[in-house]
Amino acid sequence: MHRLSKLARHVIQSNIAENRYPYRLTYAVTSRCQARCIMCNIWRKPVEDELTLAEIDDVFARASRFSWINLTGGELFQREDLAGIFRSIDRHCRGLYLLNFPTNGFQTDLIVATVREILDRMRMPRLMVTVSLDGPQELHDRIRNLPGSWSRALDTFRQLRELRSRRFSVYLGYTIQADNLHAFDETLAAARSELGGLSVDDFHVNLAHVSGHYYANQGFSGVPEPLEAGRMLTRIGAARRRRLLDPVAFLERSYQRLAWTYQQDGSVPLVCQAAAASCFIDPQGNVFPCSGFAAPLGSLRENDYDLYRIWRGAERHRVRRAVRDRACPGCWTPCEAYQTILANLVSLRRGTL
């Protein structure tokens with residue numbers, strides 16, 4: 001319970017004043033990926049010079065106060081030493097409450113075996129996995145440019161679902177973009193026909209975004225039409241069960257409701273917590289406020305792998321002021337939105353947002 005209490009303290013603090021150090025980290029461990037998704041060019045990035053396992057261990061040995069870590073890629077399971085990264089996090093981050101990561105689900109056996117190892121041998125209280133599914137079979141495989149990826153994603157989800165417990169959750173991840181804007185119902189029906197009992201609550205839904213320094217998709221023209229996407233998110237949100245005491249359900253509902261505001265006028269509905277409660281680290285160890293704002297705070301390699309040294313620096317404070325002043329590109333991705341929602345609980349409770 002002390003890990004959950006620590007996370008709660010971070011959240012409460014963020015509603016009063018900014019945390020001294022980030023409690024949530026998004027770390028892209030690799031740019032390698034088998035898929036060639038139309039909305040993402042991460043796979044085109046060079047994969048040389050990614051942080052080694054020894055370097056990663058140094059990072060977490062020096063920055064271990066996280067309550068929530070989100071690992072991402074590329075595709076995580078393209079790193080042969082991924083299990084070692086998980087072990088490093090577990091060894092150093094003694095207060096970690098939640099570890100989550102997405103996967104395209106293509107390497108089913110390895111993914112399931114790794115999740116089993118985490119659950120059997122590691123101490124973090126909560127693990128959450130999202131398996132990407134962006135349409136019914138033909139559409140999903142076309143979006144992902146990876147034949148057979150739909151079948152493999154469903155098989156991975158099916159096997160992971162058998163491991164569900166109070167400690168482990170798995171979802172299907174649906175990224176709304178122009179090509180699948182109106183295909184959610186068809187996707188749900190197709191997946192249900194293969195998996196059996198499945199509902200809207202089994203899906204994690206977000207919006208496609210453009211980010212030069214993360215997705216490398218500056219030329220992507222498939223961002224969904226804002227009002228139509230807002231209506232779709234509202235409809236999906238209305239179909240969810242009202243689980244009042246479920247924090248995941250609360251974040252999903254809040255994210256989708258506020259996405260309507262974001263889609264209407266393009267402005268972030270809340271003051272973002274990037275460079276305050278959270279940050280983003282790329283595969284080479286460069287620290288950014290988030291995955292959308294190409295404002296480097298510093299290099300871990302150039303700072304003795306000490307994230308907190310970077311955090312105390314003038315550049316981090318300057319970038320944080322820019323985020324507060326909304327002088328950033330502005331986005332509404334779950335990577336940043338969730339901790340931003342949690343930092344505005346009073347306003348949300350009063351219905352002023």
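## Talking through the fold and its rings

Trainee: What share of the 353 residues in the chain is buried?

Mentor: Buried residues make up 59% of the 353, where buried means under 20% relative accessible area with a 1.4 Å probe, protein chains only (over 50% is exposed, in between is partly exposed). Keep in mind that this is a predicted model: local features need pLDDT of at least 70, side-chain atom pairs count only at pLDDT 80 or more, and totals for chains, interfaces and linings use all residues. Residues are numbered from 1 along each chain as its sequence is written, and side-chain values use heavy atoms, with hydrogens and water left out.

Trainee: How many helices and strands does the chain have?

Mentor: 13 helices and nine strands, taken as DSSP runs numbered from the N terminus (H or I, at least four residues, for helices; E, at least two, for strands).

Trainee: What makes the Tyr255 and Tyr338 pair edge-to-face?

Mentor: Rings of Phe, Tyr and Trp (its six-membered ring) pair if their centres lie within 6.5 Å; planes under 30 degrees apart are stacked, over 60 edge-to-face, the rest tilted. By this rule there are 11 aromatic pairs. For Tyr255 and Tyr338 the centres are 6.1 Å apart and the planes at 85 degrees, so edge-to-face it is. Tyr255 lies in helix α9 (residues 247-265) and Tyr338 in helix α12 (residues 334-342), so the pair ties together parts 83 residues apart in sequence.

Trainee: Which charged end sits over the ring of Trp68?

Mentor: That of Arg24, 4.0 Å from the ring centre. The test wants NZ of Lys or CZ of Arg within 6 Å of the centre and within 35 degrees of the ring normal. Arg152 does likewise over the face of Phe106, at 4.0 Å from the ring centre.

Trainee: How do you know that the span of helix α4 agrees with what it should be?

Mentor: The expected span is 1.5 Å times one less than the number of residues. For the 14 residues of α4 (residues 108-121) that gives 20 Å, and the end C-alpha atoms are 20 Å apart, so the two agree. Its buried residues include Ile111, Val115 and Leu119.
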